[in-house]
Amino acid sequence: MTPRLALAGVTFTHPGADRAALRGVSLELTAGEIAMVAGAAGAGASTLLLVATGLAPRLVGGTLAGSRTIGARRCGIVFARPWTQLTGLCSTVEDEVAFGPASLGRPLAEVRAAASHAIRQLGIAHLAGRDPAHLSGGELQRVVVAAILALGPELLALDDPAAELDPAAADALYALVPSLAADGMTILIATPDVERAARVATRALVLEQGTVVADGRPADVLPVTEVGSLARAAGCPPPYPLDVPALLARIAPDAGGRAHDSSDAPPAGSGPDTGAIAR
Amino acid sequence: MIGYVAGRSPLHRAHPYTTLTLAGAVLFAAFAMTEPATVWLLVLAGAALAATGGVLRPSARTALAVSLPIWALLFVLYGLMGADPRVAVGPLSLSAPGIARALVLGGRVTAIVLGFLTALATTSPHRLVEAMTARGVPFGRTFLLASTLTVLPRMQERAARILEAQQCRGLRLGGSVPARLRALGPLALPLIFGALAEVDEQVLALDVRGAATGGRRTPLDPPPDTRPQQALRWGLLLLVAAAYAWKFWRMRA
């Protein structure tokens, strides 16, 4: 099967930056795969999405070294801030969602069908006639996701897509991801919301200073203490969604007690748990 | 008020090319007029246009806010320092030809601003995009024009948000002139840098959504363009051309 994305030893430096945002990243994604990218702020997760979708360096600028093959016929990306992703030229949500297919010059009936399908997928039919300028951040983000889905991308990059969503809407968005993947879409998610992303991802990459330090199943590679502390901060009572104690018992038996104590939990990818998360 | 105001007036329902042609006609006609009376007739026409669009009050207010400083400058330049003969107005001795010149120039500015604001307030950017798309205008040009129409209201909105945020952080806007000037930095810099950052992201978002493909877009809901409106636009063009012909004929005569 032709990979939707193949990166081999990719190094990317933003324009004017003195150090690379990505260093020697190698990655292959196939149809139906859901890969999450975890890492501290500045680790390079958002940059990886820009490179994966072909926007960097084409529009972003900078320099790319290594080999990149984008096999997907169409790539879509959703950023965290929905208001910057609106065209500002459409007076209804329906037209905003239809903007992409219309830009591709598809026949009107096809454009309308793609827009209504995407609107139904996101559960925003009740907003279809509303002016996007008068929607809340959460509603807007769902409109933006629908607008991207209407294009029928084969590779969808989600850059912290739930940043503007309330918990229920974030859950609904992540719940949609497996069904998109089941239709053959390849999905790449960069988010600090590790807990939600890990529920749907089939693969997780952990980035540190632009380098992939772990790559595998989410339960195998994610920093378990981070999942535990995030779940606790979100008010989730144990057992945590990923069953952290069981996970710890399996992969790091001597760290089991620490997962429940956020006070000495090391940051992601550092300290005694690092060995547990490495592939 | 600078920007589109939703409404159902005849101007709102008109084809976007018609409202833009009306504003363009006011602009070009203003430079064809050389007499104070005709220029101020044009100002009245601009006001009538704004009234037809239901936006007279906000348009006139903004037009006056823009024009008044220019009138004051023109009054000083031409009225006080203009050529003879002079007329006495109270304690002042004013230049009669200078006052006439100031009335022409000031009237032009007012008429143009009024026409432009009316077109801005009654032309939906969405309908304009659809109209241009239906005519096969490349998206780059369409976006450029539509963005120009929406940039001022967006900047106003952003400036208001930044102002609130900076005041919450203790920024004081009152006080002496140097203090007010110092307050400009915390307002202007986030406004400019924030706008640039958002433009960067919007370029990426538009590219992903096929805006840069260069092919012909599919119009979703193009506004109807009737024969009377087309006739009106051609009529306005001919009228403006006639006004210039009259002006140049008089200059030669």
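How far apart are the axes of helix α4 and helix α5 of chain B, and at what angle do the two helices pack? In this predicted model, α4 (residues 56–80) and α5 (residues 96–122) of chain B have axes 9 Å apart and pack at an angle of about 160 degrees. Angles over 145 degrees count as roughly antiparallel, so that is how α4(B) lies relative to α5(B). Their crossing is right-handed. If you sort the residues of this contact by class, you get 16 nonpolar, 8 polar and 1 charged.

Now look at another helix pair, α7(B) and α8(B). Their axes are also listed in the table, with an angle of about 130 degrees. That makes α7(B) and α8(B) oblique to each other, and the crossing is right-handed.

| Helix pair | Angle | Axis distance |
|---|---|---|
| α4(B) and α5(B) | about 160 degrees | 9 Å |
| α7(B) and α8(B) | about 130 degrees | 9 Å |

Which residues meet here? On the α7(B) side, look for Met155(B), Arg158(B), Ala159(B), Ile162(B), Leu163(B) and Gln166(B); on the α8(B) side, look for Pro186(B), Leu187(B), Pro190(B), Leu191(B), Gly194(B) and Ala195(B). By class, this contact has 9 nonpolar, 2 polar and 1 charged residues.

Chain B has strands too. β1 (residues 86–89) and β2 (residues 92–95) of chain B pair in the antiparallel sense over 4 bridges, with Val89(B) opposite Leu92(B). The hairpin they make has 2 residues between the strands, and Gly90(B) takes a positive phi near 60 degrees.

**Where the chains touch**

The contact between the chains takes 25 residues from chain B and 28 residues from chain A. On the chain B side, α6 (125–134), α7 (139–168) and α8 (177–208) each supply at least two residues. The largest share, 9 residues, comes from α8(B). Sorted by class, this side of chain B has 11 nonpolar, 8 polar and 6 charged residues.

**The sheets of chain A**

Over in chain A, 3 strands form an open sheet in the order β2-β1-β4, with antiparallel pairing. The edge strands, β2 (22–29) and β4 (63–70) of chain A, each pair on one side only. Neighbouring strands here are turned by 15 degrees against each other on average, ignoring direction. β1 (residues 5–13) of chain A pairs with β4(A) over 7 bridges, and Phe12(A) has Leu64(A) as its bridge partner in β4(A).

Another open sheet has 6 strands, in the order β5-β6-β7-β3-β8-β9 of chain A, and its pairing is mixed. Since β5 (75–78) and β9 (211–216) of chain A each have a single partner strand, one side of each is left without a neighbour in the sheet. From one strand to the next, the twist averages 15 degrees. Inside this sheet, β3 (residues 34–38) and β8 (residues 203–208) of chain A run parallel, joined by 4 bridges. Val37(A) stands opposite Leu205(A) in β8(A). Helix α5 (residues 167–182) of chain A packs on the sheet and touches β3, β6 (155–159) and β7 (186–190) of chain A; its direction makes about 150 degrees with that of β7(A).

Chain A has a mean pLDDT of 83, and 80% of its residues reach 70 or more. Over residues 255–279 of chain A, though, the pLDDT is below 50; this stretch has 54 contacts in the model beyond near neighbours in sequence. Where pLDDT is low, the predicted coordinates should not be read in detail.

Conventions:
Residues are numbered from 1 along each chain as its sequence is written. Chains are lettered from A and ligands numbered from 1 in the order in which they are written. This is a predicted model: local features need pLDDT of at least 70, side-chain atom pairs count only at pLDDT 80 or more; totals for chains, interfaces and linings use all residues. Two strands pair if DSSP finds at least two bridges between them. Axes are lines fitted to C-alpha atoms, for helices over the stretch in contact, and angles run from 0 to 180 degrees between N-to-C directions. Angles under 35 degrees count as roughly parallel, over 145 as roughly antiparallel, 65 to 115 as roughly perpendicular and the rest as oblique. A crossing is left-handed if the near helix is turned anticlockwise from the far one by less than a right angle, and right-handed if clockwise. Ala, Val, Leu, Ile, Met, Phe, Trp, Tyr, Cys and Pro count as nonpolar, Asp, Glu, Lys and Arg as charged, and the others, Gly among them, as polar. Two residues are in contact if their C-beta atoms, placed from the backbone, lie within 7 Å. pLDDT is the predictor's confidence in each residue, from 0 to 100.
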